[in-house]
Amino acid sequence: MADIADFANDIAQAHLDRNIAAARQPILVGVAGECEDCGEDSPRLVHGRCAPCREPKRIRRY
Ligand SMILES: [Zn+2]
């Protein structure tokens with residue numbers, strides 16, 4: 001019979017599997033240019049957006 005430790009191990013394993021799958025995704029190369037959102041020059045645009053604009057959760061301080 002499965003106990004709470006078994007359920008915890010299943011959840012931890014599922015979490016690890018998701019993180020490994022996410023880490024295996026190919027990383028887009030990107031190009032240099034001007035960001036379509038903020039207009040700043042960036043050495044690496046992906047789909048026309050710079051890194052800060054691609055990560056809206058971060059608070060930008062500049
Ligand atoms: Zn931007």
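How many salt bridges does the count come to? One. A salt bridge here is a side-chain nitrogen of Lys or Arg within 4 Å of a carboxyl oxygen of Asp or Glu. The model is predicted, so local features need pLDDT of at least 70 and side-chain atom pairs count only at pLDDT 80 or more, while totals for chains, interfaces and linings use all residues. Residues are numbered from 1 along each chain as its sequence is written, and side-chain values use heavy atoms, with hydrogens and water left out.

The salt bridge joins Asp37 to Arg49, with 2.8 Å between the closest N and O atoms. Asp37 sits in the loop between strands S1 (31–34) and S2 (41–45), and Arg49 in the loop between S2 and helix H2 (51–54), so the pair ties together parts twelve residues apart in sequence. Helices (H or I, at least four residues) and strands (E, at least two) are DSSP runs, numbered from the N terminus. Arg49 is partly exposed, at 30% relative accessible area. That term covers the range between buried (under 20%) and exposed (over 50%), using a 1.4 Å probe and protein chains only.

Now the metal. Cys35, Cys38, Cys50 and Cys53 coordinate the zinc ion through their SG atoms, at 2.2 to 2.4 Å. Cys35 lies in the loop between S1 and S2 and Cys53 in helix H2, so this pair ties together parts 18 residues apart in sequence. Donors are N, O and S atoms within 2.8 Å of the metal (3.2 Å for Na, K and Ca); water is not among the atoms, so sites may look incomplete. Along the chain, the zinc donors follow the spacing C-x2-C-x11-C-x2-C. Cys35 is buried, at 4% relative accessibility. Cys53 is buried too, at 5%.
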